[in-house]
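Keep the viewer open as you read.

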Number of protein chains: 2
Amino acid sequence: MRRALSSLRSPTELDVQHFASIVGGANVLTAAADLEPYNTDWMRKYVGNSQLAVRPGSTAEVSRVLAHCHAERIGVVPQGGNTGLVGGSVPVADEVVLSLGRMDRVLSVDEDSGHLVCEAGCVLEALQEHVAARGHTMPLDLGAKGSCQIGGNIATNAGGLRFLRYGSLHGSVLGLEAVLADGTVLDGLTALRKDNTGYDVKQLFIGSEGTLGVVTACALALPRAPASVHLALLGADSYAALLRTFGVARRRLAEVLSAAEFLDRASLELACEKLDGVRDPLPDTKCAQYMLVEVSGSDASHDEAKLSAFVDEAMESGDVVDGTIAQDGAQSAALWRLREGITEALGRTGRVYKYDVSLPLAQLYDLVEETRARMAPHGALVSGFGHLGDGNLHLNVCTPGAFDADAAVAAAIEPWVFEYIAERRGSISAEHGVGVMKPHVLHLSKRPPVIGVMHALKRLLDPHGILNPGKVLPPPPEEERPWRTAS
Amino acid sequence: MRRALSSLRSPTELDVQHFASIVGGANVLTAAADLEPYNTDWMRKYVGNSQLAVRPGSTAEVSRVLAHCHAERIGVVPQGGNTGLVGGSVPVADEVVLSLGRMDRVLSVDEDSGHLVCEAGCVLEALQEHVAARGHTMPLDLGAKGSCQIGGNIATNAGGLRFLRYGSLHGSVLGLEAVLADGTVLDGLTALRKDNTGYDVKQLFIGSEGTLGVVTACALALPRAPASVHLALLGADSYAALLRTFGVARRRLAEVLSAAEFLDRASLELACEKLDGVRDPLPDTKCAQYMLVEVSGSDASHDEAKLSAFVDEAMESGDVVDGTIAQDGAQSAALWRLREGITEALGRTGRVYKYDVSLPLAQLYDLVEETRARMAPHGALVSGFGHLGDGNLHLNVCTPGAFDADAAVAAAIEPWVFEYIAERRGSISAEHGVGVMKPHVLHLSKRPPVIGVMHALKRLLDPHGILNPGKVLPPPPEEERPWRTAS
């Protein structure tokens, strides 16, 4: 981290004046109180020391700010809603914070073909409301929707709750406008569904966490808004039974399946214990595993019929031992609250070591059980939940003590958990990204030649390393082309 | 093209011996008769002069072949099924053809999460049969499926008939193994749905037409196979009416809509006139425009009900004036034959100038009408059809004469048609790619800074320019970092 910043200089009063001449004095923040929210991530775990936040109002202004930082070797942290979970959007030292929040215009919605063109600073929930009024829905949804911005969603390749249905942003982003470190504007803001004219350069910026360029605007494919949504909670005695049930869901619900989330008993009990108004919806059976199945489609009666047929088959097979179908919006909200409240419940329980993991689906829950066995001597509570349909587990190890007092606990978890994932070719960060938290373990998910290409791309597009320094990549190796293995 | 090859040398007898030591003598072809299919594209429009085709049997062999070519500055043309439409898979001079066809093993199918892992040389139709037997379907389908290989599909970012439903390969490709020009193997062959660990390097190779690396294996997300498929042909009096009908289809068919193709009267008449057994399915009305609407889903009765309701609404609105729903497989096949046979019918009519275009949906058919007016003095027949749901028009200008005799016709079409598309920010190649046919007009779809980044990526990953020389990119500019616009 230090090394990445060593070639950068701190901004001076002259730089402040220059930025003010670009974005206007009111949009250059230098007071400590004003800067506090820009310097602190929402978990309050990462705190930067920036003396300067710049709030551009247009792509041209972003370009001029970056061109200056590039020429002057000043570090820049692009910041959207600052809702990330890996410290990717706050400074590691005194970089300039480039806040995109003022660029929040919807440029167009095309109801014929279904697409949206907007600036990067639009808040996800505001976009959802805008397109819902026009019969469409955003292809992504996540807990942070009230604060997160679409540019940040794209820069971090956000996953979330609709991934199972609408897929990755690598498919949904039709066009992108991004500004390179040197201020060059890459205008690829077309909304064409198909365009095979040369390399798909925009893909580079999706998931690069602001280290290769700054996303300033985008065109997104919009699905039609579903006419009906239904939700069921099913209980099973084992993960194996849950997995078989997911197979039945894929077959019977197919095109209307819109979410397949899971939580284990420990997660459910935590939520019921720590959250006001959350109760066990299936109190008689105390199952080991639960699955939340959502269907959404264009015809309520068809969707209900499919969901009923699925639940019937799952229960007749014996794999599902209890279940409930929400009868109204309030019941749906209560079931979602149970699933989405787990993170909050964990936070009220003690210190939490959080892991966001992809593993082959058949092995996904083994990691929770092995972690539980491993952490039992430490009195830790281990909870597993997540996006079953995506093979994405949120593993949480919760201890009553402070992080500092938990050296033995920490040593028992890491690096074991990362190595466990690496041995099975899983991902050490399924959807949260790398940020400042995980560059040191990147090599456990990606092979050295692939990381070598990442370093080469970074040097190519940001030769002075001004963009989000200290994030995503570990310190680079010395070789000129580090992926080279052949003679 | 010459320029791109000028730094490369021709392979010698010593190289042949070296390649034979890697892949075995039987897999190095040097006889002219053996080489003919490798040198000629399937339209027989592009003919190379390679003296040497190498057929590796493994990724390690691909790596060793490329490392040699890189060290020795020998050009290489990666070749899959050789079914491309822009001359991308045949040599422009005497490059070595690297044929992936022997690497045709299916490595695994995971029925729980729905994914396939296989080598690049697997033929698409064989994969479709393999996964269909396991309850799944391939996320892409195209006319060339009997010959095209999945590695070529990925390298060219193939679109096709299921794009509307299952989206782009940028979303469906979960993992990729590719070999760089210098022989470095990039092993990213995981099948995880979500993996946000660093830059998504695999995206670079999707659609790069073999100029940045050779795809050797892939992991693909598989949808469940639909339980039922239904097809309707609808006729309308205008493109505007057709477009409104597509809007009704998006709303009423939503999650079960699996194809929305269109053809104009000229295309239908051509198919009926030139193809045996093809007749006008709606002979009483002689509509100006036709739409083929396919629905597929997990419940036949639901799908039928949705399709009927859609057709009823479309006819009641007056936008659809005639229509038919296929009652069995034979009727479906006949309707698809009408749509898919247009290319063949055109080929029997005369010389065809083919354009594969994306435009904003509302303006898509204007291009056909303007072309028709423009070409009327030349006695040319102009036909428009394509993938309405993707905003993808196949525009065809058909003249009775030979290409050579058509200088006036050619001059009337180009560059006008490309400039027309550029003015509306469309794509001059929606799905066919650039190959050797369109590098000279790439700048009409992509802005100079974006093309500058493409050149930089090419230099980074293939510094000697050995991979598919003369394809995709126009001759590079002289500047070191040609995208730079800021000071």
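Helices (H or I, at least four residues) and strands (E, at least two) are taken here as DSSP runs, numbered from the N terminus. With that in hand, look at helix 10 of chain A, residues 265-274, where Glu269(A) and Arg265(A) sit four residues apart, about one turn of the helix. Their side chains meet in a salt bridge, at 2.9 Å from N to O; the term stands for a side-chain nitrogen of Lys or Arg within 4 Å of a carboxyl oxygen of Asp or Glu. Glu269(A) is partly exposed at 40% relative accessible area, whereas Arg265(A) counts as buried at 16%. Buried means under 20% relative accessible area, exposed means over 50%, and partly exposed is in between (1.4 Å probe, protein chains only).

Before going on, a word on the ground rules: this is a predicted model, in which local features need pLDDT of at least 70 and side-chain atom pairs count only at pLDDT 80 or more, while totals for chains, interfaces and linings use all residues. Residues are numbered from 1 along each chain as its sequence is written, chains are lettered from A and ligands numbered from 1 in the order in which they are written, and side-chain values use heavy atoms, with hydrogens and water left out.

In chain B, Glu313(B) and Arg251(B) form one at 2.6 Å, N to O. This pair links distant parts of the chain, 62 residues apart: Glu313(B) belongs to helix 11 (residues 300-316) and Arg251(B) to helix 9 (residues 239-252). Glu313(B) is partly exposed at 22% relative accessibility, and Arg251(B) is partly exposed at 38%. Over all chains, the structure holds 48 salt bridges.

How many of them lie between chain A and chain B? The count there is 10 salt bridges. One of them joins Lys194(A) to Glu431(B), with the closest N and O atoms 2.7 Å apart. The contact (heavy atoms within 4.5 Å) takes 98 residues from chain A and 99 residues from chain B.

Thr190(A) gives a local view of this meeting. It lies in the loop between strand 8 (185-188) and strand 9 (214-221) of chain A, and counts as buried at 12% relative accessibility. Leaving aside neighbours within four places in sequence, Thr190(A) touches Leu174(A), Gly175(A), Ala219(A) and, from the other chain, Arg425(B).

Finally, turn to the domains within chain A: domain 1 (106-221), domain 2 (228-335) and domain 3 (349-432), with bounds from an automatic or database domain assignment. The C-alpha centres of domains 1 and 3 lie 31 Å apart, and their contact takes six residues from domain 1 and four residues from domain 3. These two domains of chain A bury about 400 Å² between them, 48% of it on carbon and sulfur atoms. Gly160(A), Phe163(A) and Leu164(A) supply 59% of the area that domain 1 buries against domain 3, more than any other three residues. The salt bridge count between domain 1 and domain 3 of chain A is zero.

Technical notes:
Buried area is the accessible area (1.4 Å probe) that two parts lose on being put together, summed over both.
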